[in-house]
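Let's take a walk through this structure together, one piece at a time.

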2 protein chains.
Amino acid sequence: MSKEITSREQDYSQWYNDLILKAGLADYSAVRGCMVIKPYGFALWEKMRDQLDKMFKETGHQNAYFPLFIPKSFLSKEAAHIEGFAKECAVVTHYRLKNDPNGTGIIVDPEAKLDEELIVRPTSETIIWNTYKTWIQSYRDLPLLINQWANVVRWEMRTRLFLRTTEFLWQEGHTAHATAQEAIDETMQMLNVYAEFAEEWMAMPVIKGVKSINERFAGAVDTFSIEALMQDGKALQSGTSHFLGQNFAKAFDVKFSDKENKLDYVWATSWGVSTRLIGALVMAHSDDDGLVLPPKLAPVQVVIVPIYKGDEQKRMIDEKVIPLIQDFKAIGVSVKYDDDESRRPGWKFAEYEMKGVPVRIAIGARDLEKNVAEVARRDTKTKESVSLDGLANTVLILLEDIQKNIYQKAKEYRDAHITKADTWEEFVKLLDEKGGFISAHWDGTAETEEQIKELTKATIRCIPLNNEKEEGNDILTGKPSTERVLFARAY
Amino acid sequence: MSKEITSREQDYSQWYNDLILKAGLADYSAVRGCMVIKPYGFALWEKMRDQLDKMFKETGHQNAYFPLFIPKSFLSKEAAHIEGFAKECAVVTHYRLKNDPNGTGIIVDPEAKLDEELIVRPTSETIIWNTYKTWIQSYRDLPLLINQWANVVRWEMRTRLFLRTTEFLWQEGHTAHATAQEAIDETMQMLNVYAEFAEEWMAMPVIKGVKSINERFAGAVDTFSIEALMQDGKALQSGTSHFLGQNFAKAFDVKFSDKENKLDYVWATSWGVSTRLIGALVMAHSDDDGLVLPPKLAPVQVVIVPIYKGDEQKRMIDEKVIPLIQDFKAIGVSVKYDDDESRRPGWKFAEYEMKGVPVRIAIGARDLEKNVAEVARRDTKTKESVSLDGLANTVLILLEDIQKNIYQKAKEYRDAHITKADTWEEFVKLLDEKGGFISAHWDGTAETEEQIKELTKATIRCIPLNNEKEEGNDILTGKPSTERVLFARAY
């Protein structure tokens with residue numbers, strides 16, 4: 001099977017698409033820009049979702065669910081928000097179809113036109129803050145810490161499986177607070193939750209930082225993000241956390257009375273990650289033979305493949321494998337015993353390589369005589385002969401090692417691809433030849449960022465948190481600057 | 001708080017609405033017919049969803065995700081399906097808004113009209129079978145056992161929180177099989193899963209049966225359902241499982257080659273339950289003081305309320321409660337210690353009664369002296385003084401007893417409300433005065449069922465599985481009949 005994927009060197013973009021399709025993560029659909037998430041891809045999303053959900057609940061959040069539709073007028077209420085989100089969205093204008101009186105098909109019933117059009121949510125700030133208005137009266141109702149797992153729709157012109165699709169799945173946290181500081185603390189807390197998830201679970205190193213005005217969420221006072229680096233040297237924004245100030249509270253007139261009975265607008269945050277993370281995960285670690293998944297998120301952590309001739313050998317292998325499966329289950333390792341007779345071991349090896357199963361155990365009749373099994377790790381593609389005694393525990397340690405190793409590998413690559421540039425020539429050359437993050441001075445204006453983007457397609461990914469102050473000159477305009485920021489071409 | 005709910009006797013329908021709102025399960029939204037599921041309601045849904053999901057996976061199903069939108073032409077492909085679902089649905093006709101050149105607001109951009117309108121899925125058979133076409137070629141690809149958790153939209157004219165909303169959350173299973181028998185077995189298996197979930201988890205007795213033609217799913221060969229009885233004597237269809245025959249395979253041209261290399265159309269099932277189950281759960285058990293939740297699904301199973309004066313008493317109670325909480329966690333019981341100082345115990349008692357927390361433990365200073373606590377159960381509203389020694393285990397047994405008791409109570413009510421009618425006068429009188437299921441003869445025609453519905457608003461809920469054969473005469477037409485069926489007024 002591996003022959004069927006384009007190599008990264010040959011065509012990185014095609015490699016990615018091939019991989020998504022061949023590993024069974026997703027498929028194209030009949031609806032422009034929308035994808036089908038296949039069972040293996042969805043199992044991966046479930047693992048990610050469940051862990052994130054646990055982290056949200058541990059930090060005091062509750063889940064709720066708000067309507068899919070947003071009345072058109074709601075989008076207009078926050079001035080910046082409308083500019084960012086009203087442009088490309090799915091608009092529901094009618095609520096009925098009928099048989100075509102002049103033909104055989106069905107048509108939209110012109111009599112079933114909505115008085116006000118409904119927008120399929122591109123994000124839910126407006127409908128949620130319109131609801132919060134009725135939920136929040138006093139400081140006793142605060143903080144309100146709510147998250148929603150939902151589908152959203154943004155009518156994208158160019159789509160890529162997982163990375164940019166018209167419909168995608170995500171979570172959006174929407175919190176309300178009595179003070180600006182509390183909302184800022186929440187914004188940073190959730191940025192840290194995302195960074196912890198990316199690094200500890202996805203094994204993907206990220207840089208935490210604040211966005212420039214150009215890249216800020218429409219309606220936010222400040223947008224923070226985690227930025228990861230893919231193997232082709234392009235950056236990928238992997239999660240955002242927004243301090244919304246009182247913008248949405250003012251737009252929807254949400255006030256609370258404090259302990260002294262004074263009325264004030266409520267302070268807000270919102271934060272989200274999406275199925276885009278699956279695209280990031282795939283690109284961060286995988287190779288030309290298929291997916292490489294971090295053990296903590298792999299739907300199947302260990303696959304066992306029997307190698308035998310005849311029923312007697314199979315029976316002997318089964319005798320060893322059945323208790324081994326119990327051992328794995330007892331220590332919380334997910335395992336699949338693939339004894340499908342219709343496929344050869346070689347086919348299975350390639351298949352599980354493609355699917356990124358972290359550890360493969362092959363057991364043959366000769367192995368049994370020696371009381372060993374062949375244990376292969378997906379990340380380094382090394383194999384070892386390992387004693388069957390205590391095998392589950394040996395593999396457990398190996399899984400931890402794989403998790404660390406793929407993080408380390410990604411981190412070394414990322415660290416080696418943060419490069420300082422001090423002249424425009426250097427900047428352009430680095431972008432074209434090396435890629436990665438370019439640390440360069442910027443004069444702080446939206447115009448300069450826009451100009452750099454037009455000239456090079458690079459944008460400011462973020463101004464890292466706790467950024468070092470340093471006098472310098474803007475990489476393009478030469479105007480004075482007080483710190484370097486991180487530029488990159490990005491997904 | 002309980003004073004604020006209308007009693008069931010006074011106005012059952014208003015009681016239900018009051019309860020949903022006061023218990024914090026859901027709220028109305030700004031979008032016609034759409035509701036907001038509040039955190040407590042969503043926590044309940046999560047418990048239900050997680051258990052169902054486990055049961056689906058145990059029966060070999062995998063989750064996946066298909067697009068929200070369905071091209072208009074897809075709906076026309078299955079003749080019966082279009083009649084059932086094309087009528088009232090949300091239609092996306094445009095993909096962009098723009099600033100109104102003649103005003104200050106935003107308008108739909110007439111230049112962004114879709115070539116083919118998209119329907120927000122009312123159910124996903126069409127988009128899924130269009131996808132299955134590319135996934136299924138050979139018997140090796142079968143069975144395909146897939147489930148999806150999703151939101152769907154049906155443009156309902158009259159809506160009720162949870163029971164009938166324009167948008168609702170549900171799961172829809174869509175399976176593909178090589179033989180009719182295998183698909184029929186799957187249909188029955190999932191009907192049994194639903195019945196087990198309703199009875200064992202929701203503590204809600206249900207009748208399994210097959211639907212009459214009038215009530216059949218649009219596109220199915222046979223529709224099976226589980227039917228529950230609410231406290232007002234009305235029936236509620238709580239889950240459906242459809243044998244679709246080859247209808248969708250033919251509509252979307254999905255064929256497979258069998259072991260002998262012969263081509264045949266694939267056999268299909270689909271099955272679903274929705275957030276409607278929350279409405280059923282509320283109505284099946286609750287009383288005039290609030291929700292009564294089965295312990296197995298209650299988001300909080302036990303609440304502990306301290307009763308004290310001064311810090312010293314509070315400290316002494318804390319000393320007992322902290323290890324008690326650990327005991328509860330160790331045996332898997334979810335517990336909340338509500339020591340919020342800003343609320344009085346009486347307020348808390350009413351609040352948790354309203355929320356249906358199965359067991360309330362009150363601990364006061366005088367209780368401590370006697371080494372006891374007051375344990376109150378929500379279902380019977382009885383209280384008992386119970387030793388603190390081994391309290392967690394005592395409560396665990398109590399929770400099991402509550403689960404059994406509320407099932408038993410609902411079952412007794414249900415069984416007492418299945419009544420035979422042999423004359424039309426009896427039939428009408430029973431419907432008007434007693435309610436519940438009426439077991440009566442039916443001549444088997446759609447016309448008669450339609451006529452009975454017009455005259456009485458009662459429909460055939462189902463023909464129970466393994467129904468006894470009995471000669472008789474149709475309750476309305478007097479025509480010969482071979483079995484009784486269950487009529488009821490229904491939600």
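A word on strands before we set off: two strands pair if DSSP finds at least two bridges between them. With that in hand, look at strand 17 of chain A, where V335(A) is the bridge partner of V302(A). Keep in mind throughout that this is a predicted model.

Strand 16 of chain A, residues 302-307, is joined to strand 17 of chain A by three bridges, and the two run parallel.

Now move to another set of strands, with strand 9 of chain A (residues 167-177) as our guide. On one hand, strand 9 of chain A pairs with strand 8 of chain A in the antiparallel sense, over ten bridges. There, H174(A) in strand 9 of chain A is the bridge partner of I146(A). On the other hand, eight bridges join strand 9 of chain A to strand 15 of chain A (residues 267-274), and these two also run antiparallel.

Next, a few backbone details. As background, most residues other than glycine have a negative phi, and most peptide bonds are trans. Here are some exceptions. A cis peptide bond joins L142(A) and P143(A), with omega about -10°. P143(A) sits in the loop between helix 5 (125-135) and strand 8 (144-153) of chain A. In chain B, the peptide bond from L142(B) to P143(B) is cis as well, with omega near -10°, and P143(B) is found in the loop between helix 5 (125-135) and strand 8 (144-153) of chain B.

Two residues of chain B have a positive phi without being glycine. For F162(B), phi is near 65°, and its place is in the loop between strand 8 and strand 9 (167-177) of chain B. For D253(B), phi is near 55°, and you'll find D253(B) in the loop between helix 7 (247-251) and strand 13 (255-257) of chain B. D253(B), with 11 other C-beta atoms within 10 Å, is exposed.

Time to see how the chains come together. A rotation of 180°, with 0.0 Å of shift along its axis, superposes chain A on chain B with an RMSD of 0.0 Å. The two copies are therefore related as by a two-fold rotation axis. In chain A, the C-alpha nearest that axis belongs to V92(A), 2.1 Å from it. Both copies use the same surface, since 100% of the contact residues of chain A recur in chain B.

How many residues of each chain are in contact with the other? There are 51 from chain A and 51 from chain B. On the side of chain A that touches chain B, strand 5 of chain A (residues 88-99) gives the largest share, ten residues. That side divides into 32 nonpolar, ten polar and nine charged residues. Strand 5 of chain A is also joined by five bridges to strand 5 of chain B (residues 88-99), and the two run antiparallel. One place to look is R96(A), which stands opposite E88(B) in strand 5 of chain B.

Finish with the largest nonpolar core. Of its 293 residues, those touching the most other members are C89(A), M204(A), A228(A), C89(B), M204(B) and A228(B). Take C89(B): leaving aside its neighbours within four places in sequence, its contacts include L97(A), along with I119(B), V120(B) and W155(B).

Methods
Residues are numbered from 1 along each chain as its sequence is written. Chains are lettered from A and ligands numbered from 1 in the order in which they are written. This is a predicted model: local features need pLDDT of at least 70, side-chain atom pairs count only at pLDDT 80 or more; totals for chains, interfaces and linings use all residues. Copies are superposed by least squares on the C-alpha atoms of residues with pLDDT of at least 70 in both. Two residues are in contact if their C-beta atoms, placed from the backbone, lie within 7 Å. Helices (H or I, at least four residues) and strands (E, at least two) are DSSP runs, numbered from the N terminus. A residue is buried if 20 or more other C-beta atoms lie within 10 Å of its own, exposed if 12 or fewer, and partly exposed in between; C-beta atoms are placed from the backbone. Ala, Val, Leu, Ile, Met, Phe, Trp, Tyr, Cys and Pro count as nonpolar, Asp, Glu, Lys and Arg as charged, and the others, Gly among them, as polar. A nonpolar core is a set of buried Ala, Val, Leu, Ile, Met, Phe, Trp, Tyr and Cys residues joined through C-beta atoms within 7 Å.
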